[in-house]
Amino acid sequence: MAQLAETFACVPSTERGRGILISGDPKSNSILYCNGRSVIIRYLDRPLEVQVYGEHGYPATVARYSPNGEWIASADVSGTVRIWGTRNEFVLKKEFRVLSGRIDDLQWSPDGERIVASGDGKGKSLVRAFMWDSGTNVGEFDGHSKRVLSCAFKPTRPFRIVTCGEDFLVNFYEGPPFKFKLSHRDHSNFVNCVRFSPDGTKFITVSSDKKGIIFDAKTADIIGELSSEDGHKGSIYAISWSPDSKQVLTVSADKSAKVWEISDDNNGKVLKTLTCPGSGGVDDMLVGCLWQNNHIVTVSLGGTIYLYSATDLDKAPLELSGHMKNVSSLAVLKSDTKFILSSSYEGLIVKWVQGTGYYGKLERKGISQIKCFAAVEEEIVSSGFDNKVWRTSLQGDQCGDSDSVDIGNQPKDLSLALLSPDLALIATETGVTLLRGTKVVSAIDLGFTATACTISPNVTEAIVGGQDGKLHVYSVTGDTLKEEAVLEKHRGAVTVIRYSPDVSMFASGDANREAVVWDCASREVKVKNMLYHTARINCLAWSPNSSMVGTGSLDTCVIVYEVEKPASSRTTIKGAHLGGVYGLVFTDDETVVSSGEDACIRLWKITPQ
């Protein structure tokens with residue numbers, strides 16, 4: 001049996017030069033955001049509690065709770081809206097194809113009967129309002145010529161809809177059935193977000209021209225604006241009202257968030273500027289915000305979520321961060337197994353702690369992407385998509401200096417000798433390279449394409465897997481490799497090889513979905529018929545006591561086998577990660593950690609059958 005113990009969630013997908021719209025439900029105090037095809041539900045007072053909805057066929061863009069908190073409508077880049085229940089396994093109520101292009105914003109009417117969605121229509125309509133249960137249109141929305149970035153429903157009767165977009169227009173519709181009433185062109189750049197105040201008396205639009213304009217909600221007349229004194233110095237991407245309709249929160253590309261007080265003459269002046277603790281790079285631009293109950297939430301371009309308390313704005317915010325892209329490898333430090341390191345291919349390394357979640361990012365100076373990644377006590381070894389192998393020293397929570405060596409070929413796999421970790425074996429297109437520190441000791445042409453490799457902890461033996469599915473076992477003497485045996489069992493390219501911690505066995509996995517456990521001494525197959533995946537095996541891990549081996553595959557499953565039992569008595573975790581499992585590691589004999597394409601990391605408790 002496998003039980004999900006913890007989920008370390010991904011962060012919202014962001015895009016340079018665009019805002020993102022996060023939303024929430026004040027009753028359960030949860031927020032919704034999208035990453036890839038997943039919609040993430042997180043609870044502000046319990047940041048470790050995460051739920052993920054993964055039924056969209058395309059990348060999701062925006063999700064919103066219905067006014068009663070029972071349903072969620074989520075939209076994706078294909079123009080589809082799915083309406084699903086927040087309870088009992090997210091049962092699907094309806095799916096509608098609303099627009100012919102990407103949906104950027106959607107809103108429920110206050111009675112929960114209608115939904116308005118806006119976005120890119122690819123030449124057809126850019127805004128549609130429909131009944132939530134039948135999908136019938138309620139009105140005609142003319143007047144926009146370019147992508148509509150945001151839409152809003154007036155929260156009190158008589159109902160009104162406001163839309164705004166890339167044609168600099170703010171359009172006002174009366175209904176239902178909704179029809180065009182009037183249009184304002186007072187912004188001189190993209191209008192990024194429009195929101196009605198919760199009491200239904202006014203609405204605000206904010207734009208990339210750094211301005212915010214306040215309108216009357218019934219007549220759509222301009223009644224005020226956000227003061228330019230101490231205003232934003234960059235595009236304003238998003239806005240959110242306080243629950244009492246007296247203050248608003250804005251976020252901007254100038255890396256700051258501002259809380260404004262809306263006075264009785266309907267003009268806004270800055271009450272407090274929130275600068276986020278960061279290095280001040282591009283990733284600290286703020287692109288999304290939400291004011292919910294007593295929480296103020298802001299989201300940066302790098303995906304970090306900052307939580308402030310609305311009653312005590314001087315208090316430092318709580319930071320929630322993580323990965324935005326595929327988490328391709330995991331490592332656990334031997335000295336303290338509750339620390340987990342994860343890396344994703346764009347070069348981000350995050351440190352996590354079991355039980356508390358996000359611990360911090362490891363900042364490395366000027367190193368780009370990561371393809372292969374290994375970590376021991378004091379050091380991280382990684383390689384990217386160029387020919388370099390990097391060694392970075394680890395000092396507590398920070399990275400020290402980095403050294404690199406050019407090995408002349410792109411590394412395909414890298415393995416460290418655990419007892420003398422300055423020795424590394426690297427598989428390349430033509431063979432293998434032995435590194436000691438950052439010196440190439442020997443580059444050996446093996447005459448076949450190496451796709452995976454491993455070196456034994458005491459540096460006496462190395463195993464290299466080829467494109468042809470053969471495993472070549474070498475004895476290591478000094479700096480040379482001598483071929484001892486060729487093992488043939490795999491029918492596809494070998495993707496991963498790992499020694500067991502007690503070095504009595506090793507396991508290998510291939511692109512043809514098969515895994516094999518071998519005995520080191522006799523070089524015979526120890527566990528056969530491990531053919532339960534339906535796609536390529538990406539990663540493989542041993543439990544510390546060498547009794548279990550786990551495999552993770554492109555088919556989204558993690559399978560844990562016990563070495564002393566036949567392969568059929570396995571433990572399968574179905575749908576561990578949407579899009580495939582790419583990283584796997586055991587922290588102790590009962591806990592396996594997996595990561596994958598959905599940018600999340602999950603801890604599973606395994607109880608042997």
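## Strands, a hairpin and a buried leucine

Strands β10 and β11 form a hairpin with five residues between them, and Gly 112 in the turn has a positive phi of about 75°. The model you are looking at is predicted, so local features need pLDDT of at least 70 and side-chain atom pairs count only at pLDDT 80 or more, while totals for chains, interfaces and linings use all residues. Residues are numbered from 1 along each chain as its sequence is written, and side-chain values use heavy atoms, with hydrogens and water left out.

- Strands (E, at least two residues) and helices (H or I, at least four residues) are DSSP runs, numbered from the N terminus.
- Two strands count as paired if DSSP finds at least two bridges between them.

**Around β11**

- Strand β10 (residues 103-108) runs antiparallel to β11, and five bridges join the two.
- Within that pairing, Asp 105 has Ser 118 of β11 as its bridge partner.
- Five bridges also join β11 to strand β12 (residues 127-131), again in an antiparallel arrangement.
- Here the bridge partner of Val 116 is Ala 129 in β12.
- Strand β11 (residues 114-119) is mostly covered, with six of its six residues buried; buried means under 20% relative accessible area, exposed over 50%, and partly exposed in between (1.4 Å probe, protein chains only).
- Both faces of β11 are covered: Arg 114, Val 116 and Ser 118 are buried on one side, and Ile 115, Ala 117 and Gly 119 on the other.

**Leu 226 in its loop**

- You will find Leu 226 in the loop between β20 (222-225) and β21 (236-241).
- Leu 226 is buried, with a relative accessible area of 6%.
- Leaving aside residues up to four places away in sequence, Leu 226 touches Ile 204, Gly 212, Ile 214, Val 248, Thr 250, Trp 260, Ile 262 and Gly 268; contact means heavy atoms within 4.5 Å.
- Leu 226 and Leu 182 lie 44 residues apart in sequence and 22 Å apart in space, C-alpha to C-alpha.

**The four-stranded sheet**

- Four strands make an open sheet in the order β41-β42-β43-β44, with antiparallel pairing.
- Its edge strands, β41 (450-455) and β44 (480-488), each pair on one side only.
- Neighbouring strands of this sheet are turned by 25° against each other on average, direction ignored; axes are lines fitted to C-alpha atoms, for helices over the stretch in contact, and angles run from 0 to 180 degrees between N-to-C directions.
- Strands β42 (residues 461-466) and β43 (residues 470-477) run antiparallel and are joined by five bridges.
- Val 464 stands opposite His 472 in β43.
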